[in-house]
Every structure is written in C-alpha cells, then in structure tokens.
Amino acid sequence: MTTLNAQRPTLNQAAPTAYLLHLADNALILGQRNAEWCGHAPILEEDMAMANNSLDLIGQARLLYQHAAERLAGDVRAPRGASWPAGAITEDTLAYFRDVPDFRNYTLLELPHSPPLVPAGVGDRDWSVTIARNFLYSALMVLVWERLQQSADSQLAAIAAKSLKEVRYHLRHARDWLVRLGDGTDASQRRAQAALDWLLPFTDEFWTASGHEAQARDNATGVDVAALRADWDALVNEAIAEATLTRPAAVQGYVSQGKQGLHSEHLGYVLAEMQSLARAHPGATW
C-alpha cells in the first residue's frame, strides 16, 4: 500500500468504510464466481484467462479490504459479528468472517453460471452467462474506476488507477466473447440472448440509491453512479448491436438490493465454500 500511496499526494478526506466494502465485496464475489471456471472453461486459453481475471478481482478486493480494515481499526462502532476471531481487523476478517447480510455486493455478481430452470443434461455452467455478466459489470467499472482516480481519498484513487488497467482488459475480453457468441452459431446466439434476458434486469440495481454511495459522493471520495447510466448504456448498446443480439425491453418490477445487504439465496452457498476453511480454523496463520 505504501507504493500506491506514493503515486498521489495525501488528501484529508476518507471514503466511507461501507463504500469501500461495497467495492471490495463486488470484486471478491465476482472473482470467486469466475474462479469456478478453473478446469472447466471451454478451451485451455480461456481457463487461464478466467483464472487471471479472478486474480485481478481478488487483488482489487484485497487492497480495498486493507484500506477498510485500517479505517475500522479505530472505529468503535464497527460491526463485529459473533463469529469474528479476536484481534485486529484485517482483510481476512472482512472477507471470511462476515455473514450474508454484511456483504454489499450487487446481486448480479452472486448469481450462478446458468439461468434458472436449465433443462436436465445442459450442465450447471453456461459460458454465455459468465461472459454476459462480466461484460455488464466491467462496462460499469471502467466508468467507475476512471472517475475514482480523482477521489478525494488518495488511497482509493491509487487503487482505482491500478484497477482501471485491469478492468479495461476484462471489458475487452468479455465484449469480444459476447460478439463471438451472439454473431456465431444459432445455438450460441440463442444462449447469449438468454443470458442477456436473464441478467440485464439485475443491472437496475446499479442505478438505485444507497446511503454509503450518497455519502461517498457528497464528500467527493466516491462516484455518482446514476450519472454514469448514459455512458454505460452506450457501451452496452453498441456491443449488443455488434453481437446481433437484442436488448430486452425494460420490465418494471422488483429491483435487487444486494448492495443494501438483501441477497439472493445464492450468496450463502458462495460464502460457505469460500469461508469454510478460515472459519474452521479461526486465528490460524498461513
């Protein structure tokens, strides 16, 4: 973190801890989901690409959790779950010892790799779902990280500069694959369209208000995500058109609230697998 801090003069403003956790949780949960392709990707090159994508995201999460842990260390109001081990709050504490309601990631990122009601025999991993999700999220984060480089929180600004380089690659990779699937065979186009139809409604959560985002926006440490919607739409619409896919019509209904701590049933399974070893041996050193 010393190297990152040296890239930008120290400023006095600090990003809200909940905002840092929101950004970190997004990266961690998607990194965990993408890592599930290790050994299962359609070709060896993509197996390695998805593993590297996961490592990038988990690296981003680590930096953000470290920053949040520094803030929480002196905050007596910090939420301490009964399962948290005694001692200093660390990046591992924040990743492995918080429960489902404590996480602030978008619901989109915790969903499984296949749409609901998948026919028997199709399998539990649909490459088009993973590609569509990575594209929709990366299109947002390119815009977020770009603007967070100007954050009044110097440490967050440095993390943003590093993360932007990585997410630009993630976006290019996912976009190329989306076009390849959509403009490919009848079967690949059908599956890519089904993935978009399922996932796009979850992106409505991007634009809903939350207290931690509003606080970060108001003290100049965060981004007004709602103001990015037109730019995000342009990125998404251009790729969908090139892929010869159709953007599903907007449907008014329930908007997911993962960033408010209200999650789908899927996050519990993700955390159970990810956290089981640390919780079985709390306080252990590795």
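Which residues of α10 are buried?

Reply: First, a word on the ground rules. This is a predicted model, where local features need pLDDT of at least 70 and side-chain atom pairs count only at pLDDT 80 or more, while totals for chains, interfaces and linings use all residues. Residues are numbered from 1 along each chain as its sequence is written, and side-chain values use heavy atoms, with hydrogens and water left out.

Now your question. The buried residues of α10 are Leu267, Val270, Leu271, Met274, Gln275 and Ala278. "Buried" here means under 20% relative accessible area, with exposed over 50% and partly exposed in between (1.4 Å probe, protein chains only). Look at the spacing of those numbers with this in mind: an α-helix has 3.6 residues a turn, so residues three or four places apart point the same way.

What about the helix itself? Helices are DSSP runs of H or I with at least four residues, strands are runs of E with at least two, and both are numbered from the N terminus. Helix α10 covers residues 266-280, and its 15 residues should span 21 Å at 1.5 Å a residue; the end C-alpha atoms are 21 Å apart, so the two agree. (The expected span is 1.5 Å times one less than the number of residues.) There is a bend in α10 of about 45° at Met274. That bend is the angle between axes fitted to the seven residues ending there and the seven starting there. Met274 is also one of the buried residues of α10.

So who does the covering? Among the elements over the buried residues of α10 are α2 (17-35) and α4 (91-96). Let's stay with α2. Two packed helices are described by the angle between their axes and the distance between the axes. For α2 and α10, the axes come within 11 Å and cross at roughly 75°. That makes α2 roughly perpendicular to α10. Axes are lines fitted to C-alpha atoms, for helices over the stretch in contact, and angles run from 0 to 180 degrees between N-to-C directions. As for the wording, under 35 degrees is roughly parallel, over 145 roughly antiparallel, 65 to 115 roughly perpendicular, and the rest oblique.

Down at the residues, α2 brings Leu28, Ile29, Gln32 and Arg33, which meet His266, Leu267, Val270, Leu271 and Met274 of α10. By class, this contact of α2 with α10 has six nonpolar, two polar and one charged residues. The nonpolar class is Ala, Val, Leu, Ile, Met, Phe, Trp, Tyr, Cys and Pro, the charged class is Asp, Glu, Lys and Arg, and the others, Gly among them, are polar. "Contact" means heavy atoms within 4.5 Å.

A kink of about 30° is centred on Ser163. Since 21 of the 29 residues are buried, α6 is largely enclosed by the rest of the structure. Gln155 lies in this helix, and it is buried at 9% relative accessible area.

In α9 you'll find Val236, which counts as buried at 0% relative accessibility. Setting aside neighbours within four places in sequence, Val236 is in contact with Phe135, Leu136, Ala139 and Arg247.

Follow the chain on from α9 and you get to the loop between α9 and α10, where Thr244 sits. Thr244 has a positive phi, near 55°, though it is a residue other than glycine. With a relative accessible area of 39%, Thr244 is partly exposed.

Finally, zoom out. The chain has 10 helices and zero strands, and buried residues make up 51% of its 286 residues. Of the contacts between residues at least 6 apart in sequence, 81% join residues at least 24 apart.
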